[in-house]
Amino acid sequence: MSSNLGDERLLQLRQFAAGFSGLELERVNWQLLQLALIHPSWADQEGGPDNDRLEFLGDEVLRWFASDFLYRTYPNLAVGELSAVRSVLVSDSELARLAEHYGLGAYLLVGRSADGDERGQTTRLADSFEAVIGALYLSTSDLSLVRPWLLPHLERLSRDVLADPVRGNHKSALQELTQRLANGELPEYRPVGTPPPFRYEVWALGQCWGSGEGASKKLAQQAAARLAYEALSSTFPPALQ
């Protein structure tokens with residue numbers, strides 16, 4: 001399956017794949033892995049396919065794998081708690097950290113239009129990492145090339161999240177805090193200016209408690225929620241919370 005890949009690029013792909021613990025290189029479909037590392041901006045610039053479809057598949061594979069792992073590992077967690085933990089496990093920020101851990105950025109083909117876009121770096125890495133998961137899944141039509149290295153990550157991260165529920169999910173934590181402080185009041189996210197980037201302020205208890213920006217609405221609101229949560233937590237003593 002590697003006949004259309006140059007020797008240099010194939011060597012690069014093998015170096016990248018070798019970083020995944022337990023990955024059987026002889027079972028990897030190198031054409032699919034190559035496709036997973038073609039960002040849409042590169043395809044727009046150079047022509048040819050991009051990794052969008054593999055990202056779509058990888059996103060679903062990851063969500064299913066994380067759901068199955070949490071269901072089997074934490075039988076006493078309620079559905080809402082399982083969903084909250086899963087939202088962190090599959091979040092762009094965590095996927096981008098994984099991508100950086102495996103050095104994905106050095107192998108990702110990115111066009112000039114996106115190469116200098118630092119604000120979009122997290123989303124770019126997260127999306128491409130999902131595409132890599134999709135490529136590895138399709139290589140064998142099962143999880144045998146994904147489970148060995150992804151399972152230890154989910155085990156570690158889920159323990160961290162349960163030990164610190166706020167981690168990566170400040171919107172939920174802020175909502176719970178404002179409900180306790182203001183008799184059920186929900187925080188209000190108000191857009192500021194015209195994107196990009198997206199900017200939001202968080203209002204609660206009659207005032208603004210934080211503002212944040214990001215490459216997407218979701219990231220901007222999370223950034224604002226983090227600052228608001230920290231501000232509210234430091235303003236009101238635990239006895240009042």
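Trainee: Which residues does F129 touch, once those up to four places away in sequence are not counted?

Mentor: In this predicted model, F129 touches F20, L95, L98, A99, Y102, L104 and W149, with residues up to four places away in sequence left out of the count.

Trainee: Which residues have the most contacts inside the largest nonpolar core?

Mentor: That core has 53 residues, and F16, W30, L104, F129 and W149 have the most contacts inside it. Two or more residues come from each of helix 1 (7–18), helix 2, helix 4, helix 5, helix 6, helix 8 and helix 9. Helix 8 gives the most, namely 8 residues. Another core, of 13 residues, lies apart from this one; Y200, V202, A220 and L232 are among its members.

Trainee: What does the domain assignment of the protein chain give?

Mentor: It gives domain 1 (7–163) and domain 2 (170–235). The C-alpha centres of domain 1 and domain 2 are 29 Å apart.

Trainee: How far does helix 10 reach from its first C-alpha to its last?

Mentor: Helix 10 comprises residues 170–181, 12 residues in total, and reaches 16 Å, close to the 16 Å expected at 1.5 Å a residue. N183, which follows helix 10, has a positive phi, near 55°.

Trainee: How many aromatic pairs does a search of the whole structure find?

Mentor: The search finds 9 aromatic pairs. One of them is the tilted pair of F16 and Y107, at 5.2 Å centre to centre and with 40° between the planes. F16 lies in helix 1 and Y107 in the loop between helix 6 and helix 7 (112–115), so the pair ties together parts 91 residues apart in sequence.

Trainee: Are F16 and Y107 buried or exposed?

Mentor: A residue counts as buried under 20% relative accessible area. F16 is buried at 2%, and Y107 is buried at 17%. A further pair is that of F69 and Y74, which is edge-to-face because the ring centres are 6.3 Å apart and the planes stand at 90°. F69 and Y74 are both buried. Ring pairs also link F16, F20, Y102, Y107, F129 and W149 into a cluster.

Trainee: With which residues is L162 in contact, leaving aside its neighbours within four places in sequence?

Mentor: L162, in helix 9, is in contact with Y74, L77 and V85. Its relative accessibility is 35%, so L162 counts as partly exposed. From A18, L162 is 144 residues away in sequence and 31 Å away in space, C-alpha to C-alpha.

Definitions and conventions
Residues are numbered from 1 along each chain as its sequence is written. This is a predicted model: local features need pLDDT of at least 70, side-chain atom pairs count only at pLDDT 80 or more; totals for chains, interfaces and linings use all residues. Side-chain values use heavy atoms; hydrogens and water are left out. Helices (H or I, at least four residues) and strands (E, at least two) are DSSP runs, numbered from the N terminus. The expected span of a helix is 1.5 Å times one less than its number of residues. A nonpolar core is a set of buried Ala, Val, Leu, Ile, Met, Phe, Trp, Tyr and Cys residues joined through side-chain atoms within 4.5 Å. Buried means under 20% relative accessible area, exposed over 50%, partly exposed in between (1.4 Å probe, protein chains only). Contact means heavy atoms within 4.5 Å. Domain bounds come from an automatic or database domain assignment. Rings of Phe, Tyr and Trp (its six-membered ring) pair if their centres lie within 6.5 Å; planes under 30 degrees apart count as stacked, over 60 as edge-to-face and the rest as tilted.
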